[in-house]
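Hi everyone, thanks for coming. Let me put today's protein on the screen and then walk you through it, charged residues and all.

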Amino acid sequence: EVRENFAKNLITHGDSYTKLYATYRGMIDRCYCKSIPNYKRYGEKGIKVCEEWKNSYLNFKDWAYQNGYDETLDRKEQSLDRIDFDGDYCPENCRWATAREQAENKHNTTLYNFNGEMITATKFADNFGIKDKSFVYRKLKRGITLDDILLEWNFKNNVPNNVVDCLTYAKENNITNTTVIRQIKQGKLKAKKVGRKWYVEK
């Protein structure tokens, strides 16, 4: 399947000989091509490429240029780096870094405190069956704790039929989200707060 996508990309994007496409191809090969040496350090360890990028080089290209990619720089000045060294390749966990920054990151992956244990975001997601790791990365970037992330994930995936999130409630009632929050605080609406998110009873 991944190889078929490459064939389609070659026909449509015209970037086959660019540095950026070489970076993209290297990322895919490390995660899915069992015949290359680097597969043991990536694909064999469970590191994947998000569906958004795996299925479309153009999506990866858009992200790259929106996040400072420069085709004129060499690999020492700019390389694709995963913020959480044990995490997947996805927009929330990647950046462009110098070779030195990338080397330092291999030894300085961010650890978070969860119930007294220092743990990476990826390990946390794996431990609690959170398949969408980007959900964890996004929440951490917003300063939300692992406890609240787990609470929100569990609730989000087991939402009772009698509640709805604020944005949905606002759209259904043709009011603003701010109005919904104000009515909750005024006691006019019955609601439950999970993590940092409110859910309104129907």
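Let me start with a question: in which helix do D29 and R25 both lie, and how many residues apart are they? They are in helix α2, four residues apart, which is about one turn of the helix.

Before we go further, a word on where this comes from. This is a predicted model, in which local features need pLDDT of at least 70 and side-chain atom pairs count only at pLDDT 80 or more, while totals for chains, interfaces and linings use all residues. Residues are numbered from 1 along each chain as its sequence is written, and side-chain values use heavy atoms, with hydrogens and water left out.

Now the overall picture. The protein has 10 helices and seven strands; these are DSSP runs numbered from the N terminus, with helices being H or I of at least four residues and strands being E of at least two. It has 202 residues, of which 41% count as buried. Buried means under 20% relative accessible area, exposed means over 50%, and partly exposed is in between, using a 1.4 Å probe and protein chains only. Among contacts with a separation of 6 or more, 48% are between residues 24 or more positions apart, where contact means heavy atoms within 4.5 Å.

Let's look inside. The largest nonpolar core has 36 residues, and M27, W53, F60, Y89, F124 and V136 touch the most other members. By nonpolar core I mean a set of buried Ala, Val, Leu, Ile, Met, Phe, Trp, Tyr and Cys residues joined through side-chain atoms within 4.5 Å. Several elements each supply at least two residues of this core, including α4 (57-66), β2 (94-97) and α8 (146-156). The most comes from α2, with six residues. Take F60 as an example: leaving out residues up to four places away in sequence, F60 touches L20, T23, Y24, M27, W53, L80 and W96. Apart from this core lies another one, of eight residues, with Y169, A170, V180 and V200 among them.

Back to the charges. Side chains of opposite charge can pair when their charged atoms come close. A salt bridge here is a side-chain nitrogen of Lys or Arg within 4 Å of a carboxyl oxygen of Asp or Glu, and a search of the whole structure finds eight of them. Our opening pair, D29 and R25, is one, at 3.4 Å from N to O. D29 is buried, with a relative accessible area of 16%, whereas R25 is partly exposed at 29%.

A second salt bridge joins the side chains of K48 and D88, at 3.7 Å from N to O. K48 lies in the loop between α2 and α3 and D88 in the loop between β1 and β2, so this pair ties together parts that are 40 residues apart in sequence. K48 is partly exposed, with a relative accessible area of 39%, and D88 counts as buried at 11%.

K54 is buried at 12% relative accessible area, while E51 counts as partly exposed at 46%.

So what about charged residues without a salt bridge? R30, found in helix α2 (residues 19-32), is buried yet has none, and the nearest side chain of opposite charge, D29, is 8.0 Å away. For that count, Lys and Arg are positive and Asp and Glu negative, with His and the chain ends not counted. R30 does have a polar contact of 3.1 Å with the side chain of Y89. A polar contact is a pair of N or O atoms within 3.5 Å; within protein, one must be able to donate a hydrogen and the other to accept it, and residues adjacent in sequence count only if both atoms are side-chain atoms.

D84 is another such case. It sits in the loop between β1 (79-82) and β2, and is buried without a salt bridge, the nearest side chain of opposite charge being R82 at 6.6 Å. The side chain of D84 does reach the backbone nitrogen of A121, at 3.4 Å.
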